[in-house]
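Hi everyone, thanks for coming. Let me put the structure up, and then we can walk through it together.

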Amino acid sequence: MEHVLLSVHVLGSIVFVGGSAVATSLFPRYAPAAGGEGRSRDVAVALHRITGGYAAFGLIVPLVGMVMAGVQGRMGEIWIIVSMALTAAAALLLATQIYPRQRQALADPGDGDPARLRRLSMLAGFYNLTWAIVVVLMIARPGSGAGA
């Protein structure tokens, strides 16, 4: 059973979390902006849909992770707790900042203010950094007694 849970957890991370991470990173490059060459509203709309859809399906990753940690009796280990806190922070950042700002950028391209898209790009960077830290914690498992 643990192998199935681990497989779903890892595959969900790669496909759904990875997909939303790539979409959030690419969105500012294609978002409509006044006078923006190489921008495509259609691509930006697709990236916005991917961001939201993959993030919603990505909820399976922490759910399966928590079930797996419970089955293994690891819920109290620091790397699990920190990973859950970072996952919650990433979800909050996506739901309250990135996704709404993407929607706003699509609805109102603005007057070519590049700072708005730079902020969105910065937030995407924080979102991706958070996931990178979670991956490192999943591999290193500090404090678990299972270090390499």
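When I say two residues touch, I mean contact, that is, heavy atoms within 4.5 Å. With that, Tyr-127 touches Ser-20, Ala-21, Thr-24, Ala-90, Leu-93, Leu-94 and Ile-98, leaving out residues up to four places away in sequence.

A quick word on the source: this is a predicted model, where local features need pLDDT of at least 70 and side-chain atom pairs count only at pLDDT 80 or more, while totals for chains, interfaces and linings use all residues. Residues are numbered from 1 along each chain as its sequence is written, and side-chain values use heavy atoms, with hydrogens and water left out.

Now, which residues touch the most other members of the largest nonpolar core? They are Phe-27, Ile-98, Tyr-127 and Trp-131, out of 21 residues. A nonpolar core here is a set of buried Ala, Val, Leu, Ile, Met, Phe, Trp, Tyr and Cys residues joined through side-chain atoms within 4.5 Å, and buried means under 20% relative accessible area (1.4 Å probe, protein chains only). H1, H2 (41-57), H4 and H5 (114-140) each supply at least two residues of this core; these helices are DSSP runs of H or I, at least four residues, numbered from the N terminus.

On to one pair of helices. Ala-23, Thr-24 and Phe-27 in H1 meet Leu-94, Ile-98, Gln-102, Ala-105 and Leu-106 in H4.

Finally, have a look at His-9, which sits in helix H1. Is His-9 buried or exposed? His-9 is buried, with a relative accessible area of 12%. Its neighbours by contact include Val-64, Gly-65 and Met-138.

Terms used: Buried means under 20% relative accessible area, exposed over 50%, partly exposed in between (1.4 Å probe, protein chains only).
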